[in-house]
Each structure stands twice: as structure tokens, then as C-alpha cells.
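Please keep the sequence and the model at hand while reading.

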Amino acid sequence: MQTLKAGDFVPHFALLDQNEQLVSLTDFKGKKVLVYFYPKALTPGCTTQACGLRDSKAELEKLNIVILGISPDSPKKLANFAEKKALNFTLLSDEDHQVAEQFGVWGEKKFMGKTYDGIHRISFLIDEQGKIEKVFDKFKTGEHHQVVLDYLTQK
């Protein structure tokens with residue numbers, strides 16, 4: 001698993017969102033984008049992470065940040081997640097994990113003694129030129145939004 005790092009240009013991507021609309025990274029030209037990869041909608045850790053971002057969205061918008069959450073869930077499951085948790089940002093479906101592979105966040109994981117391939121919980125702050133400014137890969141799900149805000153406000 002070769003994860004993209006700060007300074008790398010982000011590969012172009014377009015995925016279906018929770019409303020089955022095609023969303024492209026180029027739709028957000030001129031803004032910073034927080035692309036966060038998470039393993040599975042409606043699971044405890046992913047819900048905690050998403051709700052933290054939901055509650056911080058206004059602060060992030062003031063800093064010109066757009067939030068995009070990416071998981072291998074179907075658009076229908078993402079719509080259910082967004083509705084149940086009142087999520088106020090875009091969720092993208094990467095069912096074939098092609099985008100996750102391009103970012104280097106798809107790979108071997110271990111959980112409860114089992115080894116399998118899946119998405120690693122990593123976030124990327126992409127600058128206005130489409131380059132990775134910062135990679136967030138060490139955080140607890142409940143602190144993710146604060147780690148991002150702290151980075152943005154301490155620059």
C-alpha cells in the first residue's frame with residue numbers, strides 16, 4: 001500500500017454521491033477539500049467520525065474547506081447513513097475501491113484475528129491546486145474533526 005503524501009498531486013476522480021449524482025474533484029476548484037476515507041457507513045467508529053465533521057462543518061466552511069467522505073458503500077447505503085445521522089456533507093461511493101487504491105488507502109487489515117482487504121481510515125487535505133497539503137492518519141475517530149481544525153487554525 002503506497003499512500004499518497006503531502007506534495008503529491010491527487011489523481012482525478014468522479015464518483016456517485018448519496019443522491020446518485022456524479023461528483024468530481026474538479027467541481028471544487030478554488031477550494032480546499034478534505035477527502036476522508038472510512039471503512040463502512042453506520043458502524044460505530046465511522047458514525048462518530050462523520051458526526052464530528054457534521055458538527056464542525058460551519059467552522060470548516062469558514063476556512064474554505066469542502067468535506068468529501070469516501071467509502072466502499074453503495075449510494076443507497078450512503079443515503080441511509082446521511083439521513084439517519086443528519087450528515088450535511090457529500091458522501092461518495094467507491095464500491096470497486098478504485099479511488100481508494102489510487103490514494104493508497106486500500107490494503108490489508110487485521111481485525112479480531114482475521115486478515116482482509118479494506119479501506120484504511122486516512123484523510124487528505126487537498127489544496128486549491130489539487131495537491132495534497134496534509135495527510136491525517138493518526139487520530140481517534142472522535143477527535144478527527146478537531147485534529148483537522150487544529151491543523152488549519154495553527155498554520
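At 30% relative accessibility, leucine 42 counts as partly exposed, where buried means under 20% relative accessible area, exposed over 50%, and partly exposed in between, with a 1.4 Å probe and protein chains only. Its place is in the loop between β3 (32-37) and α1, and its phi is near 65 degrees, a positive value in a residue other than glycine.

The model is a predicted one, so that local features need pLDDT of at least 70 and side-chain atom pairs count only at pLDDT 80 or more, while totals for chains, interfaces and linings use all residues. Residues are numbered from 1 along each chain as its sequence is written, and side-chain values use heavy atoms, with hydrogens and water left out.

**Residues in loops and elements**

Histidine 97 also has a positive phi in a residue other than glycine, here near 50 degrees. The loop that holds histidine 97 runs between β5 (90-93) and α3 (98-103), and at 21% relative accessibility histidine 97 counts as partly exposed. Helices (H or I, at least four residues) and strands (E, at least two) are DSSP runs, numbered from the N terminus.

Leucine 15 is found in strand β1 (residues 14-17), and with 9% relative accessibility it counts as buried. Leaving aside neighbours within four places in sequence, leucine 15 is in contact (heavy atoms within 4.5 Å) with Gln21, Leu22, Val23, Ile70, Leu92, Ser93, Asp94 and Val99.

Leucine 4 is found in the segment before β1 and, at 15% relative accessibility, counts as buried. Apart from neighbours within four places in sequence, its contacts are Phe9, Pro11, Gln102, Phe103, Phe124, Ile132 and Val135.

Glycine 130 has its place in the loop between β8 (123-126) and β9 (132-136), and its 19% relative accessibility makes it count as buried. Not counting residues up to four places away in sequence, glycine 130 touches Asp8, Phe9 and Val10.

Threonine 48 lies in helix α1 and, at 39% relative accessibility, counts as partly exposed. With neighbours within four places in sequence left aside, threonine 48 is in contact with Thr141 and Gly142.

| Pair | Separation in sequence | C-alpha to C-alpha distance |
|---|---|---|
| Leucine 15 and leucine 87 | 72 residues | 18 Å |
| Threonine 48 and phenylalanine 136 | 88 residues | 16 Å |
| Leucine 4 and glutamine 102 | 98 residues | 8.2 Å |
| Glycine 130 and glutamine 2 | 128 residues | 19 Å |

**Packing of α1 and α4**

Two packed helices are described by the angle between their axes and the distance between the axes. Helix α1 (residues 44-62) and helix α4 (residues 144-153) pack at an angle of about 30 degrees, with their axes 8 Å apart. That makes α1 roughly parallel to α4, since angles under 35 degrees count as roughly parallel, over 145 as roughly antiparallel, 65 to 115 as roughly perpendicular and the rest as oblique. The axes are lines fitted to C-alpha atoms, for helices over the stretch in contact, and angles run from 0 to 180 degrees between N-to-C directions.

On the α1 side, Gln49, Gly52, Leu53, Ser56, Glu59 and Leu60 meet His144, His145, Val148, Leu149 and Leu152 in α4. The residues of this contact divide into 5 nonpolar, 5 polar and 1 charged, where Ala, Val, Leu, Ile, Met, Phe, Trp, Tyr, Cys and Pro count as nonpolar, Asp, Glu, Lys and Arg as charged, and the others, Gly among them, as polar.

**The chain as a whole**

The protein chain has 4 helices and 9 strands, and from the N terminus on its elements run β-β-β-α-β-α-β-α-β-β-β-β-α. Along its principal axes the C-alpha trace spans about 40 × 35 × 30 Å. With 155 residues, a compact globule would have a radius of gyration near 15 Å, and the 14 Å of the protein chain agrees with this; the radius is taken over C-alpha atoms, and the globule rule is 2.2 Å times the number of residues to the power 0.38.

Of the 155 residues, 48% count as buried. Among contacts between residues at least 6 apart in sequence, 64% join residues at least 24 apart.
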